[in-house]
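Please look over the sequence and the model below, and keep both in view while reading.

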Amino acid sequence: MSTFQTTVTAGPAEDASTIIDRWSAAYSANDHDLLVSLYAPDAILLGTTSPIISRGTDAIRKYFDMLPNSGRRNAITERHIIVLGDDAVVGTGFYTFSRAVENDTPRPSRFTMLVVRRDGRWMIAHHHSSPRPEAQP
């Protein structure tokens, strides 16, 4: 009798989705270092509240300087994944930012993340986030 061992690996869609989930969890944990580590060294961030483009680790770290101990939270409410290839995936959808304080007004937003695999590691290469407009009547 022979036995076969199989290794189950996730595909690009699942791998990229995991990075997006880790981003949301790191943001909600106010873990500045983990959050920044999810971005590629040459990543571009168009932050929800920033008037500038943040490019590279130092600029992205600066954008998220307000995060530690802030009580800020993020919840993904809708997500769609588009696989561009074995090493590139686009995730897009809606998420809501909030703070763990009384009378906080949640901020519905939308996002697009280009998640790429480099040297066997999945990371965010581009992230665009902007306020979600209210539905028109």
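## A residue in strand 6

Ser130 touches Thr48, Ser109 and Arg110, when residues up to four places away in sequence are not counted, and contact here means that heavy atoms lie within 4.5 Å. The place of Ser130 is in strand 6, where helices (H or I, at least four residues) and strands (E, at least two) are DSSP runs, numbered from the N terminus. Ser130 counts as buried because its relative accessibility is 11%; buried means under 20% relative accessible area, exposed over 50%, and partly exposed in between, with a 1.4 Å probe and protein chains only.

This is a predicted model, in which local features need pLDDT of at least 70 and side-chain atom pairs count only at pLDDT 80 or more, while totals for chains, interfaces and linings use all residues. Residues are numbered from 1 along each chain as its sequence is written, and side-chain values use heavy atoms, with hydrogens and water left out.

## A residue in a loop

Thr49 lies in the loop between strand 1 and strand 2, and it counts as exposed because its relative accessibility is 59%. Leaving aside neighbours within four places in sequence, Thr49 is in contact with Tyr63 and Arg107. Thr49 and Asp119 are 70 residues apart in sequence, and from C-alpha to C-alpha they are 32 Å apart in space.

The 6 strands form an open sheet in the order 2-1-6-5-4-3, with mixed pairing; two strands pair if DSSP finds at least two bridges between them. Strand 2 (54–55) and strand 3 (72–85) stand at the edges and have a single partner strand each, so one side of each is left without a neighbour in the sheet.

## Helix 1 and the order of elements

Helix 1 (residues 12–28) lies across strand 1 (39–46), strand 3, strand 4, strand 5 (107–118) and strand 6 (121–131), and it runs at about 160° to strand 3. Such angles run from 0 to 180 degrees between N-to-C directions, and the axes are lines fitted to C-alpha atoms, for helices over the stretch in contact. The protein has 3 helices and 6 strands, and from the N terminus on its elements run α-α-β-β-α-β-β-β-β.

## The protein as a whole

The C-alpha atoms fill a box of roughly 65 × 40 × 30 Å, taken along the principal axes. Buried residues make up 36% of the 137 residues, and of the contacts with a separation of 6 or more, 52% are between residues 24 or more positions apart.
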